Amino acid sequence: MELTERKLKILQAIISDYVRSAEPVGSRTLSKKFDLGISPATIRNEMSDLEEMGYLTHPHTSAGRVPSDKAYRLYVNHLMEKHVLTPVEKKLIAERLRANVSEFDETIKHAAKLLSEITNLTSFAMTPSQNEDTLRFINLLPVDEHTVILMIVSESGKISNTALRLKVPYTEEGLQILAKNMTYSYNGRKITDVLKEHIISNFETDIEAMSKLAENIMPNFMKTLEDMLNVNLYMDGLTNIFDIPEYNDLEKAKSFLTLLDKKEEFVKKLMEREDGMIVTIGDENADTLMNDCSLITATYHVDGKMVGKIGVIGPTRMRYSEITSIVEYLTENLSNTFQLEGGEEESE
């Protein structure tokens, strides 16, 4: 059976109406809402053919039809017209994203929140793998007589602030000397390379008191470096699913939340996805918990090499054209924001 131009036009109309209303679509609805130039009876026949071809399904409780995963895939690949964001929408995204630029991770977290607010879906943003990241600056800041803050800044802009409880006395001058010594020793070196070395025993100083301080701080320094290599996942808008008709079924809502609660597994799935804008629909997702979901991801870059992912997850009845455009524009701005930060720092 051939997928004719008329069938494609009817299928596109069904997808458009169902995405908007979440209600199964009948031939009379199509005839009234869309200027298809054919009778309801002809529309019915074409819809029967589309169902036989696997593009429509027929809910038992309704006379109407709903698009299948196969239909959404055809729509995304061939029928979808690219949604063009208005200058006002673009300005809003760019300004709101840059308004919260501070630490690297905070910017990524803010991007996830912004994406959720704009799309009304559950969003996520994953920080890049830091395996190629290098150390840039180390500082030790006094808090009280037993506590100091260990600050580590990487070349990618990631900042780690860790409170350390010391077992030996220290002076502010001693902290400054040790911090400068550490920065001199490790500046420009890959975090992974530093972790491979026995730096606790290799790090030496001529001053006995400084040696004791270093012995106290270096194990914490190593642990902090290990934490900086971890991939962080930030999620936002989890409760948005309760505003989506598909998740009025408590079992479906529970399955969705269970999926997102398994963060380590979800991160692994995201890391396995290819770079660029990727849309997986329903059964295309390997995890059975995601068979009723669509997952849209895009990649952002830091200095053209460090790659993280950002995107949304929701029902297969999704505004694909609009959402892919929003994700794409937000991703471009996120990459540009980090390039801008790097350029500003270099020019100072």
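Alanine 22 lies in the loop between α1 (5-21) and α2 (27-33). Helices (H or I, at least four residues) and strands (E, at least two) are DSSP runs, numbered from the N terminus. The model is predicted, so local features need pLDDT of at least 70 and side-chain atom pairs count only at pLDDT 80 or more, while totals for chains, interfaces and linings use all residues. Residues are numbered from 1 along each chain as its sequence is written, and side-chain values use heavy atoms, with hydrogens and water left out.

Alanine 22 has a positive phi of about 65°, although it is not a glycine. Most residues other than glycine have a negative phi. Alanine 22 counts as buried because its relative accessibility is 17%. Here buried means under 20% relative accessible area, exposed over 50%, and partly exposed in between (1.4 Å probe, protein chains only). A positive phi, near 60°, is also found in asparagine 120, a residue other than glycine. Asparagine 120 sits in the loop between α6 and β3.

The protein as a whole comes to 13 helices and 10 strands. It has 348 residues, and buried residues make up 47% of them. Contact means heavy atoms within 4.5 Å. Of the contacts with a separation of 6 or more, 63% are between residues 24 or more positions apart.

Leucine 115 belongs to helix α6 (residues 104-119). Its relative accessible area is 0%, so leucine 115 is buried. Leaving aside neighbours within four places in sequence, leucine 115 is in contact with Ser123, Ile310, Gly311, Val312, Ile326, Val327 and Leu330. Leucine 115 and isoleucine 93 are 22 residues apart in sequence, and their C-alpha atoms are 9.0 Å apart in space.

Valine 148 is in strand β5 (residues 147-154). Valine 148 counts as buried, at 0% relative accessibility. Valine 148 and leucine 175 are 27 residues apart in sequence and 8.9 Å apart from C-alpha to C-alpha. Asparagine 139 lies in strand β4 (residues 135-144). With a relative accessible area of 19%, asparagine 139 is buried. Outside the four places on either side in sequence, asparagine 139 touches Ile149, Leu150, Met151 and Ala179.

Helix α11 (residues 250-261) has 12 residues. At 1.5 Å a residue they should span 16 Å, and the end C-alpha atoms are 16 Å apart, which agrees. The expected span is 1.5 Å times one less than the number of residues. In α11, Ala253, Phe256, Leu259 and Leu260 are buried. Seen down the axis, the buried residues of α11 fall within an arc of 120°, so they line one face of the helix. The arc is that of the directions from the helix axis to the C-beta atoms. An α-helix has 3.6 residues a turn, so residues three or four places apart point the same way. On the other side of α11, Leu250, Glu251, Lys254 and Asp261 are exposed. Aspartate 249 caps the N-terminal end of α11, with a side-chain oxygen 2.9 Å from the backbone nitrogen of glutamate 251.A polar contact is a pair of N or O atoms within 3.5 Å; within protein, one must be able to donate a hydrogen and the other to accept it, and residues adjacent in sequence count only if both atoms are side-chain atoms.

In helix α12 (residues 263-272), the buried residues are Phe266, Val267 and Leu270. They cover an arc of only 100° around the axis, which puts them on the same side of α12. Glu264, Lys268 and Glu272 are exposed on the other side of α12.

The structure holds four aromatic pairs. Rings of Phe, Tyr and Trp (its six-membered ring) pair if their centres lie within 6.5 Å; planes under 30 degrees apart count as stacked, over 60 as edge-to-face and the rest as tilted. Phenylalanine 124 and phenylalanine 266 form an edge-to-face pair, 5.4 Å centre to centre with 90° between the planes. Phenylalanine 124 lies in strand β3 (residues 122-126) and phenylalanine 266 in helix α12, so the pair ties together parts that are 142 residues apart in sequence. Phenylalanine 124 counts as buried at 0% relative accessibility, and phenylalanine 266 is buried with a relative accessible area of 1%. The ring centres of tyrosine 247 and phenylalanine 256 are 5.0 Å apart and the planes are at 50°, so this pair is tilted. Tyrosine 247 is buried, with a relative accessible area of 4%.
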